[in-house]
Amino acid sequence: MSEPLFRDPEAPVPDRVRDLLSRMTLTEKVGQVNQRMYGWDAYERTPSGHRLTDAFRAEVAAHDGMGALYGLQRADPWSGVTAETGIGAADGARVSDSVQRHVVENTRLGVPVLLVEEMPHGIQALDGTVLPVNLAVGATWNPELYEEAAAVAASQLRARGGHVALVSALDLVRDPRWGRAEECFGEDPYLAARFTEALVRGVQGPAGERIGPDRAAVVLKHFAGQGATVGGRNSAATELGTRELHEIHLVAALAGVRAGAAGLMAAYNEFDGVPCVANRHLLTEVLRERWGFGGLVMADGLAIDRLVRMAGDPVAAGAMALRAGTDLSLWDDCYPRLAEAVRRGLVDESTLDTAVGRVLALKFRLGLFENPYTTARPPAPGRLEHLSERIARESVTLLEHDGATLPLAGRRIGTVAVIGPNADSVPQQIGDYTAPQRPGVGSSVLAGIRAAAPEDTAVTYARGCGLVGGDLSGLPEAVAVAAAADVAVLVLGGSSARESDTRFDANGAAVVAAGNPVEMTCGEGVDLAELGLPEGQAALLDAVAATGTPVVVVLVQGRPHALPDLTGTAAAVLSAWYPGPWGGRAVADVLFGAAEPQGRLPVSVPRSAAQLPVFYNGKDHGYRGYVDQPATARHPFGHGLAFTSVDYGAPRLSRVSVAADGPDGAVPPLSCTVRVANTGGRRVRETVQLYVRRVSGGTSWPRVRELRGFAHIDLAPGEDAEVAFLIGAGTLASFTHARAWAVEPGEFAIGAGPSSERTQEARLTVTAGEGLG
C-alpha cells in the first residue's frame with residue numbers, strides 16, 4: 001500500500017495540507033489549533049532523568065493529537081521551574097524528542113507537535129544564552145549584528161528540540177511608563193522595521209518554503225499597537241486612528257511579513273473597540289487580504305478567554321476569534337470547544353480547516369513529518385556569548401560628557417569607586433523573560449571594572465542604597481568610598497529580575513502593586529507612573545556628587561528614565577540598557593577606552609513623566625511647550641556622543657525637483673549626500689541618520705520629522721568621507737486618505753545629521769506627474 005500524499009516530501013506543501021485535512025476528523029482538527037498546555041507540566045524530574053506526565057498523555061489523547069506545546073523548556077519564577085527541576089542543555093533534545101515520540105506514535109495520523117519556546121533575547125531555558133534586551137539591540141542601530149545573533153540563537157533552540165521562537169519585535173515605546181518597553185527596538189517604526197527584517201532573516205534563514213533544521217520559525221509579537229496603550233498601562237485600551245496605526249504601529253509588522261515571518265501573535269489590546277485577537281479588520285482584511293500574509297496567527301496567553309465577556313460563553317468566544325483569523329490558541333478554555341462551535345453553527349468547519357491548514361503548513365515547512373526528532377547540532381561554544389557581549393558593547397550610549405573624564409585609561413587614577421544598587425548584580429542587568437543563570441555565568445559592572453582596571457588602580461565598592469525605596473542608611477559608606485577615590489562610577493537604574501516571591505497573573509505577567517517590596521521596576525506588568533530615579537538612588541547621586549569626586553553615571557535600565565539636568569553633577573552619563581550577562585565587561589571596555597561608545601538612542605529620554613508623550617516623530621502642530629518646563633526631550637531620539645568630535649556638512653540632493661507618477665506616486669531615483677569629518681583625536685564609528693520632513697502638501701497633518709535611513713561610517717582622526725542615501729518612493733511616502741502608501745506632491749525637507757534634533761536640511765519639491773493628475 002502506497003504512502004499517503006501528505007507523507008511525500010516531494011509534494012507541494014498545499015497539496016500535502018489538503019490531503020491530510022481530508023483524512024482528519026473534527027476532533028483531530030480542533031486538536032491542531034490548540035496550544036492548551038503549559039509545557040513544564042508535560043514532564044517531571046526523576047532521579048534517573050525526566051518522565052512524561054499523565055496530564056500530558058491525557059492532553060494528547062483528548063484530541064488524538066496536539067497542535068503545539070508551549071514552554072517545554074521554560075524556566076523562571078512564574079513557571080516554578082528551577083535549575084534543580086528543569087531541563088538543562090544536556091537534556092533538552094532528549095526530552096523534546098520524548099514528547100514528540102509520544103505524539104507521533106500514539107495518535108492515529110501521527111501528526112508531529114510544534115514545540116514553541118520564548119526567545120525574546122535568547123531562548124528562555126536553563127543554559128540558554130541570554131542576549132541584551134531589544135531596547136539595547138535597538139541602541140546599536142546595527143541590524144546586521146542582530147541578524148547574526150538571531151541565527152545563532154535559533155540554532156541553539158533547534159539543537160534543544162524547539163521549533164518555534166516567540167520574539168517581541170512589533171511593539172514601539174510610545175510611552176516609556178510601560179513596563180514592556182525593554183522588549184521594543186525603540187520608538188521609531190523605521191528602526192523597528194529594519195530590526196524585524198533582520199530577526200526574521202536570522203531566525204528562519206533564507207526566504208523560501210522550507211525552514212532548515214538549524215533554523216526556527218518565528219512568531220512576531222504583538223499585532224498591533226500594544227505600545228500605545230492609554231497611560232502606559234499593560235494591556236489597556238488604545239486610542240489610535242487608522243493613519244497612526246498604519247504609519248507607526250504596522251510598519252514593522254509589514255516588514256516582517258514581507259521578510260517571510262512564519263507567524264504573528266495577536267496583541268492583548270483593542271483597536272477601534274475590538275480586541276486584536278478577535279479583530280477581523282486587522283487579522284483578515286489588513287494582514288491577509290491587503291498584505292497577502294499566509295502564515296499563522298497565534299493568540300496571546302488566555303486572550304481568547306477574555307472574549308467571553310463579549311461573546312457570552314466560551315464556545316461563542318472561540319468561534320469569534322476563529323472567524324476573525326486567529327489560528328492557534330494559547331492556554332485558553334475556548335478553543336478546545338471549537339467542535340461544539342461548529343456543531344452549533346457558530347463557525348463553519350471550512351473556517352476551522354483554513355486555520356488547521358496554516359498550522360499543518362508550518363509543520364511541513366519545518367520538515368517535521370520527515371524528521372520529527374532533533375538533528376541540529378548546538379552552535380560552537382561561546383559563539384553566542386561573544387555576540388551577546390558585542391551587542392552590549394555597541395549598545396552603550398554616551399548621553400553626556402565633559403570631554404575630559406572619559407576614557408579612564410591613560411589617566412593617573414589611583415582608585416575607582418564603584419557605587420550603586422546595579423553595580424554588582426548580574427540578574428538585574430539581564431531583563432525580563434530570562435531563565436535562572438548558573439553560578440558564575442556573566443560579569444557585573446563591578447566585576448568588569450575590576451578586570452579592566454590597570455594593576456596599579458584600586459577598585460572599591462559600596463552599594464549605597466536599595467534599588468527601590470528611600471532607605472538612606474548606606475549613604476555614609478558610599479560617600480566615604482567616593483571621597484577617597486579619584487573617580488566614582490555610579491551604577492543606577494532599574495531591574496526586571498523576577499524573584500521567588502513575585503506574584504503573577506494567570507498569563508505570567510508580574511503583579512507589583514504600589515508598596516510591594518519586590519525590587520522590580522520594569523518588565524511585563526510593571527508599569528510606572530513616575531519615571532524619575534527612585535528616592536534612594538536620587539539621594540545617592542546627590543551625595544556622591546557633593547564629595548567633589550568626578551562622577552560617571554551608568555544607567556542599567558529597561559526603559560528611559562526621566563533624568564534631571566546633570567550638568568555640574570555628573571562628568572559623564574551612559575546608558576547601558578539591560579546589557580545581558582556579559583554587559584559588565586562591555587561597560588568596562590567603554591569606560592576604559594578599549595571600545596568607543598557607539599550606541600545611539602532608540603528612544604527619546606524625557607525630562608519628566610508629566611511631559612509625555614515625548615517621542616520625536618509626533619505631529620507638527622506648532623506647539624511651543626509648557627509654561628513650567630520645555631516640551632522637548634532631555635536627550636533626543638538618535639542622540640549619542642563619542643570620545644571625539646564629528647562635523648557634518650550640508651546635505652546635497654542630486655535633484656531638487658521630481659515628479660511623482662503612478663498610483664503609488666513613484667519618483668525617479670535621486671540621492672542625498674553628506675560629508676562627515678572626524679575632527680577629534682580618536683577613531684569613531686559614526687551613525688549618520690537621514691530624516692524626512694513634509695513642509696507642505698499632502699492629505700494629512702505632517703509629522704515633525706521621520707527617520708528614513710541610517711548608515712555607519714568608520715573614520716580615523718582627521719579623516720572625512722561622504723555618505724550617500726538613495727531617496728525613493730519609500731523614503732517620501734505617507735499613508736494617504738485612500739488607505740494606501742503613496743508619495744503626495746508637495747515640498748519636503750531632507751535632513752542628515754547625528755540625531756533627530758541635529759540635522760541640516762535640503763529642500764525637495766515633488767510635483768504631480770501625469771498618473772497623479
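Me: What covers the buried residues of α15?

Reply: The cover includes α5 (134-140), α6 (143-159), β11, β18 (572-575), α19 (583-591) and β23 (684-697). Before going on, note that this is a predicted model: local features need pLDDT of at least 70, side-chain atom pairs count only at pLDDT 80 or more, and totals for chains, interfaces and linings use all residues. Residues are numbered from 1 along each chain as its sequence is written, and side-chain values use heavy atoms, with hydrogens and water left out.

Me: Okay, and which residues of α15 are buried?

Reply: Buried means under 20% relative accessible area, exposed means over 50%, and partly exposed is in between (1.4 Å probe, protein chains only). Helices (H or I, at least four residues) and strands (E, at least two) are DSSP runs, numbered from the N terminus. In α15, the buried set is Leu 384, Leu 387, Ser 388, Glu 389, Ile 391, Ala 392, Glu 394 and Ser 395.

Me: How many residues does α15 have, and what span is expected?

Reply: The expected span of a helix is 1.5 Å times one less than its number of residues. Helix α15 (residues 383-395) has 13 residues, and its first and last C-alpha atoms are 18 Å apart, close to the 18 Å expected at 1.5 Å a residue.

Me: Now a single residue. Is Leu 283 buried or exposed?

Reply: Leu 283 is buried, at a relative accessible area of 0%. Its place is in helix α10 (residues 280-290). To see the surroundings, go by contacts, meaning heavy atoms within 4.5 Å. Not counting residues up to four places away in sequence, Leu 283 touches Phe 223, Ala 266, Cys 276, Val 277, Arg 288, Val 297, Ala 324, Gly 325 and Thr 326. Take Val 297: 14 residues separate it from Leu 283 along the chain, and the two C-alpha atoms are 7.9 Å apart.

Me: How many residues of β5 are buried?

Reply: Five of the five residues of strand β5 (residues 164-168) are buried. Both faces are covered, with Val 164, Leu 166 and Ser 168 on one side and Ala 165 and Val 167 on the other.

Me: What about the sheet with mixed pairing: what is its order?

Reply: That open sheet of six strands reads β11-β18-β17-β14-β12-β13. Its edge strands are β11 (397-401) and β13 (458-462), and the twist averages 20 degrees from one strand to the next. Strand β12 (residues 415-419) and β13 run parallel, joined by five bridges, and Ile 419 stands opposite Ala 462 in β13. Helix α16 (residues 445-452) lies across β12, β13 and β14 (487-493), at about 165 degrees to β13.

Me: And a hairpin: how many residues lie between β1 and β2?

Reply: Two residues lie between them. Strand β1 (residues 43-46) and strand β2 (residues 49-52) are antiparallel, with four bridges, and Arg 45 stands opposite His 50 in β2.

Technical notes
Two strands pair if DSSP finds at least two bridges between them. Axes are lines fitted to C-alpha atoms, for helices over the stretch in contact, and angles run from 0 to 180 degrees between N-to-C directions.
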